Amino acid sequence: MSSDTWKRQAAEKALTLVKPGLKIGLGTGSTAAHFVDLLGQRVSAGLQVLCVSTSERTQAQARALSIPLTTLDETPHLDLTVDGADEIDLDMRLVKGGGGALLREKIVAAASERLVVIADESKLVPVLGAFPLPVEVVRFGLAATRALIGELAAEVGCQGHIRLRMGADAQPVVTDGGNYIFDCAFGRIEEAEALDAALKAIPGVVENGLFLGMADTAIIAGAGGLRILGDQF
Ligand code: 5RP
């Protein structure tokens, strides 16, 4: 079976949490897109929900499926958010932002009663960090911010190449918030909480892709079936 099939299976399981009237955050990425697709099918069959998207990409998908959409300004508290991840450890600490949506994803997750992460088994890792950590930064003072990220990360044991994310047009990728992203290839993040605090102390850093203590449930699909971490169903 392909990883895409597993992503779909995880999304199908998450869909069983959806009840009429729920306010739902919609994640970003190929796994979250499966959930949005399945939710769209339920909506077209009559399910009533209200959703907030974590990216312009997801917003477009949801709109095309006629999923009712709102904003966090109109609806500041959500019942459930379903999103993917780039890495998940056994404590349900996450690396996110491979799709560049980490800032809105974190804002939406923080506004949600329950964050459910869906993934194929390749995302489950013993230690975070093999996937380069996305760090969203303002464009002003880019070189200074990069230097500070390197220095402060090294103080908490993280070293590696810090690369400005580039697009297919050979220009820096611009996030939905108008910022740039550094991908930090630390290899192993042993002290995720310390690294998170260090990155948050840098003025040019808007947010980083470590989601610590935020996920309530992780649904991991793989060759052995479904594995549920955290709060069960
Ligand atoms: C986007 C994300 C995604 O959830 C993450 O990159 C996983 O994507 P995919 O489901 O395509 O593997 O954090 O910013």
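Predicted model: local features only at pLDDT ≥ 70, side-chain atom pairs only at ≥ 80, totals over all residues.
Which residues come closest to it? There are 18 residues around the ligand, and the closest are Ser 30, Thr 31, Asp 86, Gly 97 and Lys 123. If you're looking at secondary structure, helices α2 and α4, the latter covering 102-110, each give at least two residues to that shell.

Let's go through some of the contacts. Ser 30 has a polar side-chain atom 2.5 Å from an oxygen atom of the ligand. Thr 31 also puts a polar side-chain atom 2.5 Å from a ligand oxygen.

Okay, on to Thr 28. You'll find Thr 28 in the loop that runs between β1 (23-26) and α2 (30-44). Is Thr 28 buried or exposed? Its relative accessibility is 8%, and the cut-off for buried is under 20%, so Thr 28 counts as buried. Its side chain makes a polar contact with the side chain of Thr 54, at 2.7 Å. There's also a polar contact between the side chains of Thr 28 and Thr 58, this one at 3.2 Å. Leaving aside residues up to four places away in sequence, Thr 28 touches Thr 54, Ser 55, Arg 57, Thr 58, Asp 83, Ala 101 and Glu 105.

While we're in that part of the sequence, have a look at Gln 59. Gln 59 is in helix α3, and at 18% relative accessible area it is buried. Again not counting residues up to four places away in sequence, Gln 59 touches Ser 53 and Leu 69.

Now, a bit of backbone geometry. As a rule, most residues other than glycine have a negative phi. So which way does phi go at Ser 66, positive or negative? Positive, at about 60°, although Ser 66 is not a glycine. Ser 66 belongs to the loop between α3 (56-64) and β3 (78-83), and with 56% relative accessible area it is exposed.

Met 92 is another one to click on. Met 92 has a positive phi too, near 60°, and it's a residue other than glycine. Met 92 is in the loop between β4 (87-88) and β5 (94-95). Its relative accessible area is 10%, so with buried meaning under 20%, Met 92 is buried.

Last stop, Glu 121. Glu 121 is in the loop between β6 (112-120) and β7 (133-137), and it's partly exposed, with a relative accessible area of 36%. What does Glu 121 touch, once residues up to four places away in sequence are set aside? Trp 6, Ile 220, Ala 221, Gly 222 and Ala 223. Take Ala 223: Glu 121 and Ala 223 are 102 residues apart along the chain, and their C-alpha atoms are separated by 8.1 Å. The side chain of Glu 121 reaches the backbone nitrogen of Ala 223, at 3.5 Å.

That's my tour, so over to you.

How values were computed:
Residues numbered from 1 in each chain as written. Heavy atoms only, no water. Helix = DSSP H or I, 4+ residues; strand = E, 2+ residues; numbered from the N terminus. Buried < 20%, exposed > 50% of the residue type's maximum accessible area, 1.4 Å probe, protein only. Polar contact = N/O pair within 3.5 Å; in protein donor to acceptor, adjacent residues only side chain to side chain. Contact = heavy atoms within 4.5 Å. Near = heavy atom within 4 Å.
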